[in-house]
Amino acid sequence: KNTHPHSTYRCYRKSCKAHLYPMFGNIRARELTPQHIRNWIRNRSGTLKSIRNDLTPLRAVLDRALNDDIIDRNPLDKIKVSKLVPRAQSKSDYLVDPFTTDEIKNITEVAHSHDPRIANLLQFAFYSGLRTSELFGLKWEDIDWKKQLAHIQRAVVERELKETKTQAGNRKIVLLPNAIEALKNQKTYSFVGGDFVFVRPAGRGRFVDYEHLERPWKQILKYAGVRYRNPYQTRHTFASQLLSGGENPLFVAEQMGHKTTEMIMRHYGR
């Protein structure tokens, strides 16, 4: 808890409570075998990534036991997780499913009638490519009006304000005209006496939980007659629109907070 980000600690604690304690909690470290772990992996549901995440705190425990000479070797060292998880199961079913130009227009129009604060957030999301957590963490001090840049340096994760996940994530993005327009419109609601750019309707303060956006988002899509996708797809839409418009993939990667173009081409090449 003292050496990891809050969100990472929460993830590890969840893994321990849901999976590791029930399966391995009553086994002495000396008695834990690779076969125990293999059987558990084979019977697990979920993606390869989620299984590896669950194994991270177990590995930490076994590494400590090895360093303390309680065990002679770490049983996890003999296990290749990718060989134990079926190919169909190992892949996430999450798809990049961007919104069309007409859908963006319908969403933003309905959002304005719902509440201008939500409309400004969504317009900025569509034309900046920020992660939802980064939208929640954006402050007015991050906006350079003269150069039309935004310094993305923090995010709200698990209700906690924290620095961006990677060095590439700490970045300055070029603000497109529609993003500038959304910020100017938002000034009425949070600029004077406020730190954070985007705030919730009815004076309920800043966004700290994903559900704060998810509830109005569902209503807006319903009234706009747009097929549901989660709010994170605004980010995918931004990248897809730039690439379709002929932008340099390296520029898109920098805007999105990726170190290289590998992720861009993997997700948006088609």
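At 65% relative accessibility, Ala202 counts as exposed, because the cut-off for exposed is over 50%. The structure described here is a predicted model.

Ala202 lies in the loop that runs between helix H8 (177-190) and helix H9 (211-224). Its backbone has a positive phi of about 60°, although Ala202 is not a glycine. Most residues other than glycine have a negative phi.

Asp69 is a second case. Asp69 also is not a glycine, and its phi is positive, at about 60°. Where is Asp69 found? Asp69 sits in the loop between helix H3 (48-67) and helix H4 (87-90). Is Asp69 buried or exposed? With a relative accessibility of 67%, Asp69 counts as exposed.

### The whole protein

The protein has twelve helices and five strands. Taken along the principal axes, a box of roughly 65 × 40 × 35 Å is filled by its C-alpha atoms. Of the 270 residues in the protein, 42% are buried. Among the contacts with a separation of 6 or more, 60% are between residues 24 or more positions apart.

### Two packed helix pairs

Two packed helices are described by the angle between their axes and the distance between the axes. The table gives these values for two pairs.

| Helix pair | Angle | Axis distance |
|---|---|---|
| H5 (residues 101-114) and H6 (residues 116-126) | about 155° | 6 Å |
| H10 and H11 (residues 249-256) | about 160° | 10 Å |

Take H5 and H6. Their angle is about 155°. Angles over 145 degrees count as roughly antiparallel, so H5 and H6 are roughly antiparallel to each other. The crossing of H5 past H6 is left-handed. On the H5 side, the contact is made by Ile104, Ile107, Thr108, Ala111, His112 and His114. On the H6 side, Pro116, Ile118, Ala119, Asn120, Leu122, Gln123 and Phe126 take part. How many residues of each class are in the contact of H5 with H6? There are eight nonpolar residues, five polar residues and no charged residues.

Now take H10 and H11. Their angle is about 160°, and H10 and H11 are therefore roughly antiparallel to each other. H10 and H11 make a right-handed crossing. H10 contributes Arg235, Phe238, Ala239, Leu242 and Leu243 to the contact. H11 contributes Pro249, Phe251, Val252, Gln255 and Met256. Sorted by class, the contact of H10 with H11 has eight nonpolar residues, one polar residue and one charged residue.

### A serine in H10

Ser240 is part of helix H10 (residues 233-244). Is Ser240 buried or exposed? Its relative accessible area is 16%. Buried means under 20%, so Ser240 is buried.

What does the side chain of Ser240 reach? At 2.9 Å, this side chain reaches the backbone oxygen of His236. Ser240 is also in contact with Pro98 and Tyr268, once its neighbours within four places in sequence are left aside.

The residues treated one by one thus include both kinds of setting: Asp69 is exposed at 67% relative accessibility, Ala202 is exposed at 65%, and Ser240 is buried at 16%.

Notes:
Residues are numbered from 1 along each chain as its sequence is written. This is a predicted model: local features need pLDDT of at least 70, side-chain atom pairs count only at pLDDT 80 or more; totals for chains, interfaces and linings use all residues. Side-chain values use heavy atoms; hydrogens and water are left out. Axes are lines fitted to C-alpha atoms, for helices over the stretch in contact, and angles run from 0 to 180 degrees between N-to-C directions. Helices (H or I, at least four residues) and strands (E, at least two) are DSSP runs, numbered from the N terminus. Angles under 35 degrees count as roughly parallel, over 145 as roughly antiparallel, 65 to 115 as roughly perpendicular and the rest as oblique. A crossing is left-handed if the near helix is turned anticlockwise from the far one by less than a right angle, and right-handed if clockwise. Contact means heavy atoms within 4.5 Å. Ala, Val, Leu, Ile, Met, Phe, Trp, Tyr, Cys and Pro count as nonpolar, Asp, Glu, Lys and Arg as charged, and the others, Gly among them, as polar. Buried means under 20% relative accessible area, exposed over 50%, partly exposed in between (1.4 Å probe, protein chains only). A polar contact is a pair of N or O atoms within 3.5 Å; within protein, one must be able to donate a hydrogen and the other to accept it, and residues adjacent in sequence count only if both atoms are side-chain atoms.
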